[in-house]
Amino acid sequence: MQTIANLAKVITTIPTPILDAEIPLAQYIPINLSVHNTDLKSVDITDPVACETYIMSFLKAKNGTVAYGGYLEKRDLYRDKATFSTDKIRDVHLGVDFWCKAGTKVLAPFDGRVHSFQDNWAKGDYGPTIILEHRTMQYSFHTLYGHLSRASLKGLTIGQRFKKGQLLGTLGTSEVNVNYAPHLHFQVIMDLEDAKGDYPGVCNESEVEKYAENCPDPLLLLGY
């Protein structure tokens with residue numbers, strides 16, 4: 001925690017938008033999609049249409065445009081996805097999700113370069129994904145952007161540089177992001193462990209301590 005707090009001081013001076021810069025940060029509304037949210041008892045959150053309907057209704061009631069949250073949140077969202085329902089069930093979320101309409105612009109929150117990218121097309125995975133590498137004089141870390149549109153990967157090259165605030169891509173539809181309501185999965189990763197174009201975004205409860213150390217709360221770096 002001390003490392004991520006120090007890193008946040010180095011790279012974040014004011015809250016950083018990660019979606020379309022024309023959306024005021026005041027319209028980013030925290031949302032709870034955990035198993036503890038009793039409002040979800042009557043919602044099939046695994047169905048992308050039902051999930052999006054719930055989120056859009058929530059945002060309308062709050063006068064918001066983007067619903068965000070989910071770091072270390074235990075969810076039912078993955079119970080219909082085979083890749084998450086093995087003997088070691090993975091249902092604790094390791095990033096922050098930003099739920100908004102498909103096609104919404106995704107911005108690079110920090111200066112960085114493309115480490116890797118790929119279309120993780122299996123049901124329940126990320127769909128089109130980009131990983132950026134960031135370096136300061138003191139720190140290096142990576143950020144992962146999942147559930148993008150396929151157009152976001154066109155023309156992309158390894159090593160390509162992005163400046164803070166530059167257009168990185170757009171949010172994909174449910175068909176492209178493999179069965180989720182449109183949203184951005186944003187995750188900070190200190191050590192990619194040789195992974196390319198992918199990294200676990202959900203873990204088993206028994207692994208939370210390990211992954212929380214390697215994947216600190218992204219909101220600390222965004223300054224929210």
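Tyr28, Tyr68, Phe98 and Tyr224 come together in one aromatic cluster. The model is a predicted one, in which local features need pLDDT of at least 70, side-chain atom pairs count only at pLDDT 80 or more, and totals for chains, interfaces and linings use all residues. Residues are numbered from 1 along each chain as its sequence is written, and side-chain values use heavy atoms, with hydrogens and water left out.

A pair of aromatic rings is described by the distance of the centres and the angle of the planes. Rings of Phe, Tyr and Trp (its six-membered ring) were paired if their centres lie within 6.5 Å; planes under 30 degrees apart count as stacked, over 60 as edge-to-face and the rest as tilted. The count by this rule is 10 aromatic pairs. One of them joins Tyr28 to Phe98 in an edge-to-face arrangement, with 6.2 Å from centre to centre and 70° between the planes. This pair bridges distant parts of the chain, since Tyr28 sits in strand S1 (residues 28-30) and Phe98 in strand S4 (residues 96-99), 70 residues apart. Helices (H or I, at least four residues) and strands (E, at least two) are DSSP runs, numbered from the N terminus.

How accessible are these rings? Residues are called buried under 20% relative accessible area, exposed over 50%, and partly exposed in between (1.4 Å probe, protein chains only). Tyr28 is buried because its relative accessibility is 6%, and Phe98 is buried at 0%. Tyr28 also forms an edge-to-face pair with Tyr224, at 5.9 Å centre to centre and 85° between the planes. Here, too, distant parts of the chain are linked: Tyr28 belongs to strand S1, while Tyr224 lies in the segment after helix H4 (218-222), 196 residues apart. Tyr224 is partly exposed, with a relative accessibility of 30%.

Tyr224 is also among the contacts of Thr16, a residue in the loop between helix H1 (2-11) and S1. Thr16 has 2% relative accessibility and therefore counts as buried. With neighbours within four places in sequence left aside, Thr16 is in contact (heavy atoms within 4.5 Å) with Pro109, Lys164, Leu222 and Tyr224.

Turning to the cysteines, a search of the whole structure gives 0 disulfides, a disulfide being a pair of cysteine sulfur atoms within 2.5 Å. For Cys51, the closest cysteine sulfur is that of Cys100, 14 Å away and so too far for a bond. Cys51 is buried, at 2% relative accessible area. The sulfur of Cys203 has its closest cysteine sulfur in Cys215, at 8.6 Å, which is likewise too far for a bond. Cys203 is buried, with a relative accessible area of 0%.
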